Amino acid sequence: MIASRLAATALAGSIALACAPLAAQTSVAEVASAATAVELGAEMGLTVGKSTLLRLPAPIDRISVGNPAVADVTLISNRELYLLGKTFGSTNVMLWRKGGTTTVLDVTVGLDTAALLKQIRAILPQETGIEVRSAADSIVLAGTVSGPMAAQEAVQVAEGYLSAYARGLAMPVIAGDGEAKEGEVLKVSMARQAGSQQFRPRVINLMRTAHPSQVMLEVKVAEISKTLLDKLGTAMQITRTNGSWTYGILNSLLTESGASVLGIGPNGKSVMIDGEFRDGLVKILAEPNMVAISGQEASFLAGGKIFIPVARERDGTITLEEREFGVGLKFTPTVLDGGRINLKVAPEVSELIQTGNPFTTVSGVTAIFPAFSTRRAQTTVQLMDGQSLAIAGLIQNNVRETLRKMPLLGDVPILGALFRSAEFQGDRTELVFLVTPRLVKPIDGAQAAMPTDHFTPPNRSEFFLGGQLEGSGHADVPPDRGHPAGYQPLELR
């Protein structure tokens, strides 16, 4: 309040010195009479929700406020003015002094940016480049910050400050001393409360990052799939004739395997045994690397697309739905203080199943819909630059056993194996994701060597006579691009 009074006293002194007449201002000159001098005082700035006291060098007969909704001006005495900023905007105040001289004050009401900047500097002392400005009903945060996380924290501080700032505007206000009228006090309080209900400040973020952080994510996808299959089946045909009766044993319990042993005897006797042992191992390894700016999402897919027919519920028409499969990756990095990286990563591995899903249409046609085997993971972690995270435990273990046998005969020890068929199948799949984020920066200089830079197409004699796929060059195939002197291609190992 002491600083406000000193500013008001200095302003009153400038009014007493009489600024230049407003001869160029036609709007004021038209209003002023020939016998009355009109002076323009210095511009006065107010803060929403704060008041100041202006002491005048000469007595004032009356005052007039251009827009009372912006600022409330109360004449406490003939030498004291009470000014209160109610909402953002600008207006003017006209003061009629004894002796016929009129002074016009331009009043601008804005938000309290100094207090907010002081609070931001106290909470974020390392961010010295933040600037706080007032623009209409908004607070503008400008300047340069160290990273996206610092900008987000500054916005949160500003939003919390403005929320409490707006609630404080609803507090009652009492202006003047004991000689002031009770009606004027009530009028000021109600006007301020009405102005605070319409005041809803917001934060505009125009801050820039000094050096945008970029994160490269190194992902290794390793999958091991092991399949074990055992099959054993028999087929037997034994007949015997006794008089007019023919007796026989006939069974077909084959497993439809590729290997079989067949024995044929006289009088239509035959025995067939088939069996199969299959042991398969599949290894899949993918190493996608992606780079993204802090706070932005990046995606990667190494695979393909397939279209699946889908029937609409409304009219029953068939449409094609696109489905992606392969090794996919989506991640969103956010660089925090101290080099920490908040990482939201979602890897996925999907593949087509060879058998698919068979179905029969109304017309009796059998079709097969493609089926997918999908394994995915999604997690959010915090890592330092260069640290790794392993997403493991995605294990799938399936065991299937099938037994077919002839009643009674299939239960006979040892010989019962000729009257039954057995099939055992085990599938075990393990999937591991290894994720490593790194902070990277672009480099200046020559372009790095590419794997295709050292490839040279063969000429006709080298290709047709020598059977070479790489040679000394073909006249009809120009080189991809020129190389500077002393260029050494990258050798693949």
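Two strands are taken to pair if DSSP finds at least two bridges between them, and in this predicted model strand 3 and strand 6 are joined by 5 bridges and run antiparallel. Within this pairing, L53 has Y82 of strand 6 as its bridge partner. On the other flank, strand 5 is joined to strand 6 (residues 80-85) by 6 bridges, and these two strands also run antiparallel. Here T74 stands opposite Y82, while S77 has E80 as its bridge partner; strand 5 and strand 6 form a hairpin, with 2 residues between them.

Taken together, the 3 strands form an open sheet in the order 3-6-5, with antiparallel pairing. Strand 3 (51-55) and strand 5 (71-77) stand at the edges and have a single partner strand each, so that one side of each is left without a neighbour in the sheet. From one strand to the next, the twist averages 20 degrees. Strand 6 is mostly covered, 6 of its 6 residues being buried. In a regular strand the side chains alternate between the two faces of the sheet. In strand 6 both faces are covered, with E80, Y82 and L84 buried on one side and L81, L83 and G85 buried on the other.

By the rule applied, the count of salt bridges comes to 9. One of them joins R133 to E131, with the closest N and O atoms 2.5 Å apart; R133 is partly exposed, with a relative accessible area of 48%, and E131 is likewise partly exposed, at 35%. Another is formed by R375 and E223, whose closest N and O atoms are 2.7 Å apart. This pair again links distant parts of the chain, with R375 in strand 21 (residues 366-376) and E223 in strand 13 (residues 214-242), 152 residues apart. R375 is buried at 10% relative accessibility, and E223 is buried at 4%. A network of salt bridges links E223, E351 and R375.

S350 is located in strand 20 (residues 340-360) and is buried, with a relative accessible area of 6%. Leaving aside residues up to four places away in sequence, S350 touches E324, F325, G326, S373 and T374.

In soluble globular proteins, nonpolar side chains tend to be buried together. The largest nonpolar core of the model has 36 residues, and those with the most contacts inside it are I120, L141 and M207. Helix 4 (residues 148-168) gives the most to this core, with 9 residues. Beyond residues up to four places away in sequence, the contacts of L141 include I120, V155, A158, I204 and M207. A second, separate core of 20 residues includes A298, V327, A377 and V435.

The average pLDDT of the protein chain is 75, and 78% of the residues score at least 70. Over residues 1-35 the pLDDT is below 50, and this stretch has 32 contacts in the model beyond near neighbours in sequence. The pLDDT is also below 50 over residues 173-197, a stretch with 28 such contacts.

Definitions and conventions
Residues are numbered from 1 along each chain as its sequence is written. This is a predicted model: local features need pLDDT of at least 70, side-chain atom pairs count only at pLDDT 80 or more; totals for chains, interfaces and linings use all residues. Side-chain values use heavy atoms; hydrogens and water are left out. Helices (H or I, at least four residues) and strands (E, at least two) are DSSP runs, numbered from the N terminus. Buried means under 20% relative accessible area, exposed over 50%, partly exposed in between (1.4 Å probe, protein chains only). Contact means heavy atoms within 4.5 Å. pLDDT is the predictor's confidence in each residue, from 0 to 100. A nonpolar core is a set of buried Ala, Val, Leu, Ile, Met, Phe, Trp, Tyr and Cys residues joined through side-chain atoms within 4.5 Å. Axes are lines fitted to C-alpha atoms, for helices over the stretch in contact, and angles run from 0 to 180 degrees between N-to-C directions. A salt bridge is a side-chain nitrogen of Lys or Arg within 4 Å of a carboxyl oxygen of Asp or Glu.
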